Amino acid sequence: MSTPTPRPSYAAVLRVPHARRTFAAALFGRLSYGTVSLALMLSLTRSTGSYAVAGTVMAVFGATGVLVSPYRAALVDRHGLRRALIPMALLYGGLLCALAELCRHPGVPAAVLAGAAALAGACTPPLGSTMRAVWAEMLPDRKLLQRAYSLDGVAEELLFVSGPLLVGAVVTVAPPAAGVVLSAFLVVTGTLAFASSPAAALLRPTGSEKSEGPVPGRGGTGQGRALLQPVVVAACVGVSVSAVDLLVVAYAGERGLGDGAVAWVLAALSVGSAVGGLVNGATWSSPTRARLPFFAAGLGLCLAVAGLAPGLGTLIPAVMCAGLFVAPALTTAYLVADESAAPGFRVRAGTWCNTAVNAGMSGGAAAVGLLVERLPLPACFAVSGAVAVAAALVPGRRRRGAARAAGERQSSSEPESSASSESEWCERSAVTLPVRGSTRQSCSPFPEDVVSTSHAASPSP
């Protein structure tokens, strides 16, 4: 008689071997992305005395980060997590420290600052997409993986809220350049801890696996078609979310509400997104590709309604309702991308979604800035929402052969739980270790875990 297994939960995700240590290390490194923008902007402004120069350097920093991200992800897929991420993190941290030193000396030419910023942005390690790829390797149970992605998305949301607060505390006792150095410390330390986690070895490089068919990214059209839906939805969500920031500022200015009102509305968007992300972690009966258009359309419709709000009391709940769809849409896009990914393409698949979000946010802010000067605010809200609704119309296509693989994963995961996931993780990871002339099966491919496993049982500080 089989023992009934508990329902997948966030606690079950964190009970999977090495999950807490790996996740905590990745979050520690990703906190750098929440601190670096404000710290670098303050440092550049103080050093150059020009908002125009500071803004240009920051734009270069962000642009190279976005444009080069697929190539950085390809390095991780091709060479493995440890061989690719660690050099990136060391280069990125060193270049951030160089930027901080340049900012300490007023009068440095803007071209030099921009060049250093471009190099730093190009070396940014893709910790977020790599962590999601590791989640997919650790959790063969798709229901647990959905929980993990939701937890990851909410945690990332909190990092981008707490990061500027941390920089604010630093600059009260030190120059802004210290915040840039702090960002370098966070990303290097977090990446080293993440890469040293036993779970990191589960993400094997492409060259170590024998996969059938052509290598992804070398002319196969099926992979691109399968990724079209999640990438387009991620980009359109980025456009809509970035539009909200500017539209709320314009809304408050038009009604004389002040900056405090803007902060409350944007906080409501973040709260809604966090709540939506947690709720989205619950088990769904519908497939991910069917849910993705629903989330995109829900976001768009809520934004259109928000534009009709007569005052702050109705705008806040309307924007919060829109936020309920943000994290679920992005989390589901990452899940669809992972399901569509061929062997050796997981990090790149997630990175394409992440790149689409960033590109959408950049383009959305610029486009909405032009619309606000030409159209009434309700029309601007409607146009921003229409972008997300249009994304819901993009058809979803599976990669050839992915439907059968996804079905096998799903059928094998239905009766699973945290306990069964742990045993399956062990089976997938088991190696034969010599023990005084005999052999023994170990629930880990990492010899150091046979010596001591206490470090894997507790989360990183």
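Of the 461 residues in this chain, 50% count as buried, where buried means under 20% relative accessible area, exposed over 50% and partly exposed in between (1.4 Å probe, protein chains only). This is a predicted model: local features need pLDDT of at least 70, side-chain atom pairs count only at pLDDT 80 or more, and totals for chains, interfaces and linings use all residues. Residues are numbered from 1 along each chain as its sequence is written, and side-chain values use heavy atoms, leaving out hydrogens and water.

The chain has 19 helices and 2 strands; these are DSSP runs numbered from the N terminus, with helices (H or I) of at least four residues and strands (E) of at least two.

| H10 | residues 259-280 | 3 residues of the nonpolar patch |

Let's look inside. The largest nonpolar core has 115 residues, and Trp135 is one of those with the most contacts inside it. Such a core is a set of buried Ala, Val, Leu, Ile, Met, Phe, Trp, Tyr and Cys residues joined through side-chain atoms within 4.5 Å. Beyond its neighbours within four places in sequence, Trp135 is in contact with residues including Val13, Phe23 and Tyr149; contact means heavy atoms within 4.5 Å.

The accessible surface of the chain comes to about 20,000 Å², with 67% belonging to carbon and sulfur atoms; areas come from the Shrake-Rupley method with a 1.4 Å probe, and for residues only the protein chains shown count as cover. Val279 is found in helix H10 and is exposed, with a relative accessible area of 54%.
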